[in-house]
Amino acid sequence: MKAILTDTTKCIGCRECVIACKTRYKLDNSIPRRWSAEDGLTARNWTSIIERPDSKYVRKQCRHCIEPACVSACPVNALQKNKDGAVVYDSSKCMGCRYCMMACPYGIPRYDWDRQVPYVRKCILCAEYISDGKQPACTEVCPTEATIFGERDELIAEAHRRIKANPGKYINRVWGEHEVGGSQVLYISDIDLSFLTYGQPLGDKPLPDRTASAMHAVPYAFVGMGSLMAGIGWVIGRRMKNEEGGKDKPEGEENE
Amino acid sequence: MNRVRNFKLILWMIIGLGAAVATARFMFGLGAVTNLSDRVPWGLWIGFDVMSGVALASGGFVLTATVYIFKLDRFHSIVRPAILTALLGYIAVAVGLLFDLGLPWNIWHMMIYWNLHSPLFEVGWCVMLYLTVLLLEFFPVPAEKYGFLSKIRGFLTKLRLPLVIAGIALSTLHQSSLGSLFLIMPYNVHPLWYSPIMPVTFFISAIGLGLMMVTFESLFTGWLYRREQEVDLLERLGAAARWVFLLYLAIRLGDLAVRDQLGHLSGGEWQVKMFWFELVIVAIIPTVLLFIRAVRRSAAGLMTVAITGVTGIVLNRINVGGLVHINRGETLYLPAWTEIVITLAVIAGAALVFLFMAERFKVWEIQPVDPDADPIKMPEFHPVDSSWLGKPEIVARTKYSLGFIIAAAVGFALLSGEPLESRGVDPVPAQQARGGDTLWIDGNLDGYGVEFLHVRHWYRSGSGESCVECHHMNLPLDRNSGCYHCHSDMYLPADAFRHDWHSSPTGGKLACHECHQKGVVRAVESAKKCDECHNDLIPSEASIEVEQYMAVSYADAMHHLCIDCHTKEAVPRENPDLPRCTTCHKGQRDIIDATVLDSDRRNLTGKRTLLPPIHQE
């Protein structure tokens, strides 16, 4: 499984990754709009550099979760995880419900709010390039090797090696190793990266598991409710028939 | 029948307004008519039209269960309107969804691309199937009128029980699955609302809402058509509903206790207040009122309960649907007027179809007379002697058409007020200059400004009484003149030249006259050319000739301007490092540690200086 490791201590904030991404996918200039979020990601910026106090720079992009909430949420399979693990988007399937945007724990997918034919837009890990054995545009151009591409287990090992080699510098945590089941975009940093989520700390449980139990109950609920109703109807119908014969006290109040 | 006609006229006008907004929605995209954003991708149209619409239409399955399963035949007279309300409710949901979906023409994709993990997929399918069931359940009613349909009608009547059971089972699924939709967002939905049993609470509240909606619909149409209101039946429904609400209340609070979230209830955040407000009008007020017999027996009392209950559960759906999502609303989402208009127009359309059906088919035991069936048509002049016979009454249809057209025109007029294609570009708020002897001018508050030395300006414009050259230039409402009155080029589009840096005492330390000639209006044309000072700007062996230094913006100026040429030049000069950031930004960032640098060095690297805020007099 491929992955990206971003070491925020090496980032100089030059935004070459942003420009490379825009060039590769021919994305327009991004004008600040009413609907843009403050993190710089838009339908035309699939990665962005967030500037933190003291000249710290953090690159934001899709995490390509191992068990992605967006893929599980999409009702028409427009979002899929391909064999390399990239979460890719098929615009010909999408119907524009934006459930993926709601479901993503990192709030990554963006929307073409100003277009008549709008699509969901986000980083796709340069899927067609990595399947050819090439690199994503962002890691290819990074001048300081702050963001690198490779096999996920190797990058996790590298991340731990760097933290171990320089324990005073890094926070002892590899972001993306375990959160919501782990992701293929990993971070090591000297600052806390919790601002990349909605504020609450993410647990390790994959998000699709949360709906799975409810979804498994669906056939049982359907058959159960159906037979319950059929049964009740039959019993009450029979009792009413019997009463008509036996002239009992009027029934009905207790059934309300 | 004026009441009905006026009501219909209002409905037609709302639809007219909606037609104008709908045009804008499909011409300019969602961003043009909604306040949705990348942070708040779901708004009123999902929270109300879809989430609440489905719940509001739950009267259909609740009443069919009551009558056909529990065999409480006395409710038979309100089953038909309940099924019709449900049918139209679901159609309204579908229509509302077409507005909200970005690609509505792909809505059928749900039928062929199956994702069994997605609750939305399940909701979609259940709604489609239940809509079919409702059509089949309701079809016998209009079929009564046409003899040739009697065979189909007879067949459907025989199928009624299986249809009713299928309808109930499907409703159970999708009413609860609307709750399952939010199970995947544990980190966004506020803990007072997020719960693994959301499917259950959604289902129970849908039953309560179904009962309340039947009550409301029955009382309202009774008032509209001056029909006798079925208060005795509704009283019994109310009696059942109080237990549903009580159960809902118990489950909501019990769930909070089990999840150990009761601590949240005492907080002072607005979400906590919202939670209490919602719970009070969803459950507490209706339950208490319904336990009072006098309330249950009066139409006004029942109406109050119905309206509170319906509002409460709708509020609950809107809350869960996006309003109380943590951190989504740093910028609070409030629906745009255009969003509200579309919502109302969809409801108005459904209401009109309801009235149309009720007037033509036997939806109620006693069919109301169609007020439009026999418009009074009188000739204005007698056909024989041509004497004046008085004004004929305007046919209701003409009134409706006129209302529709006028409302649509008003809608277009209101919409054209804003440039739709550019909507969403925020104007940058300008900030007044701060300071006394030295003004700090940083209009867009980006921390990047100009220092304006009063004394120097005063001196250079001739001292003495030259204050008036800037202050009191006899312009309307003028207090002091803007810089651009003298510096006429400062708002010219995008200039690569960093004027503020050149003139700032911490940067170029240049006095104005060092570049601009004295006695001439200060503008680009009259200033020194760049290469008059920067001899090394264009190397002698340069293959390119720089004529102007225009770029997209001040901030991008240097980077874009230089990097483009550097990239181009890298190949012929065989110097791959030419366009790299690191060519200028020497070394990696972890070598330059800001805390270790001495203060001189920091001043050089630190680009931004901000003066402390000074209070205005």
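Of the 617 residues of chain B, 35% count as buried, where a residue is called buried if 20 or more other C-beta atoms, placed from the backbone, lie within 10 Å of its own, exposed if 12 or fewer do, and partly exposed in between. The model is a predicted one, in which local features need pLDDT of at least 70 and side-chain atom pairs count only at pLDDT 80 or more, while totals for chains, interfaces and linings use all residues. Residues are numbered from 1 along each chain as its sequence is written, and chains are lettered from A and ligands numbered from 1 in the order in which they are written.

The secondary structure of chain B comes to 23 helices and two strands; helices (H or I, at least four residues) and strands (E, at least two) are DSSP runs, numbered from the N terminus. Helix H4(B) is largely enclosed by the rest of the structure, because 10 of its 11 residues are buried; among them are Phe61(B), Val62(B) and Leu63(B). Just after H4(B), Lys71(B) takes a positive phi of about 55 degrees.

Where the two chains meet, chain B contributes 63 residues and chain A contributes 69 residues. Several elements of chain B give two or more residues to this side, including helix H1 (2–28), helix H4 (59–69) and helix H10 (160–180), and H10(B) gives the most, with seven residues. By class, the side of chain B that touches chain A has 36 nonpolar, 18 polar and nine charged residues, where Ala, Val, Leu, Ile, Met, Phe, Trp, Tyr, Cys and Pro count as nonpolar, Asp, Glu, Lys and Arg as charged, and the others, Gly among them, as polar.

Turning to chain A, the chain is divided into domain 1 (2–206) and domain 2 (209–255), with bounds that come from an automatic or database domain assignment, and the C-alpha centres of these domains lie 51 Å apart. Chain A also holds an open sheet of three strands in the order E8-E1-E9, with mixed pairing; two strands pair if DSSP finds at least two bridges between them. Strand E8 (147–151) and E9 of chain A are the edge strands, each pairing on one side only.

Strand E1 (residues 2–7) and E9 of chain A pair in the parallel sense over four bridges. Along this pairing, Ile4(A) stands opposite Val185(A), and Leu5(A) has Leu186(A) as its bridge partner. In a regular strand the side chains alternate between the two faces of the sheet. In E9(A), Val185(A) and Tyr187(A) point one way and Leu186(A) and Ile188(A) the other way, and all are buried.

How far can chain A be trusted, in terms of its mean pLDDT? The mean pLDDT of chain A is 87, and 94% of its residues reach 70 or more, pLDDT being the predictor's confidence in each residue, from 0 to 100. Over residues 248–256 of chain A, however, pLDDT stays under 50. Where pLDDT is low, the predicted coordinates should not be read in detail.

Note on methods: Contact = placed C-beta atoms within 7 Å.
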